[in-house]
Amino acid sequence: MHGLFLDWTPTSGFMEGGEVHLAVDNIFDKYYEPYLSDGISAMPGRNFKIAISRKF
């Protein structure tokens, strides 16, 4: 399973003091079974995640 992530912290502009986190899990959408799942759980697919935060 391959994943990709990007973290960005702007240093100027309206997003100064904020953070952006982007991630993609299972990029190639491969079928796999999680360890110790015993075949009873749903199989994960491709996941996209985004998080935006700001410190004040």
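What is the relative accessible area of Leu-22?

Tutor: This is a predicted model, in which local features need a pLDDT of at least 70 and side-chain atom pairs count only at pLDDT 80 or more, whereas totals for chains, interfaces and linings use all residues. Residues are numbered from 1 along each chain as its sequence is written, and side-chain values use heavy atoms, with hydrogens and water left out.

Leu-22 has a relative accessible area of 34% and is therefore partly exposed, the class between buried (under 20%) and exposed (over 50%), with a 1.4 Å probe and protein chains only. The residue lies in strand β2, which covers residues 18–25; strands here are DSSP runs of E with at least two residues and helices are runs of H or I with at least four, numbered from the N terminus.

Taken together, the strands form an open sheet of three with the order β1-β2-β3 and antiparallel pairing. Because β1 and β3 stand at the edges, each with a single partner strand, one side of each is left without a neighbour in the sheet. Neighbouring strands of this sheet are turned by 5° against each other on average, direction ignored, with axes taken as lines fitted to C-alpha atoms (for helices over the stretch in contact) and angles running from 0 to 180 degrees between N-to-C directions. The chain as a whole has three strands and zero helices, and its elements run β-β-β from the N terminus on.

A search of the whole structure finds two of them. In one, Glu-19 pairs with Lys-55, and the closest N and O atoms are 3.7 Å apart. This pair links distant parts of the chain, with Glu-19 in strand β2 and Lys-55 in the segment after β3, 36 residues apart. Lys-55 counts as exposed at 64% relative accessibility, whereas Glu-19 is partly exposed at 22%. In the other, the side chains of Lys-49 and Asp-25 meet at 2.8 Å, N to O. Here too distant parts of the chain are linked, since Lys-49 is in strand β3 and Asp-25 in strand β2, 24 residues apart. Lys-49 has a relative accessible area of 45% and is partly exposed, and Asp-25 is partly exposed as well, at 23%.

The loop between β2 and β3 holds Asn-26, which is buried, with a relative accessible area of 1%. Not counting residues up to four places away in sequence, Asn-26 touches Met-1, His-2, Tyr-32, Pro-44, Gly-45 and Arg-46, where contact means heavy atoms within 4.5 Å. Phe-28 belongs to the loop between β2 and β3 too, but Phe-28 counts as exposed, at 53% relative accessibility. Leaving aside neighbours within four places in sequence, Phe-28 is in contact with His-2 and Arg-46; the C-alpha atoms of Phe-28 and Arg-46 are 7.5 Å apart, although 18 residues separate the two in sequence.

Some totals complete the picture. Of the 56 residues of the chain, 14% count as buried, and the accessible surface of the chain comes to about 4900 Å², of which 62% belongs to carbon and sulfur atoms. Among contacts in the chain with a separation of 6 or more, residues 24 or more positions apart account for 40%.

Notes:
Areas by Shrake-Rupley, 256 points an atom, 1.4 Å probe, with all protein chains shown as cover. Pairing = 2+ DSSP bridges. Salt bridge = Lys/Arg side-chain N within 4 Å of Asp/Glu carboxyl O.
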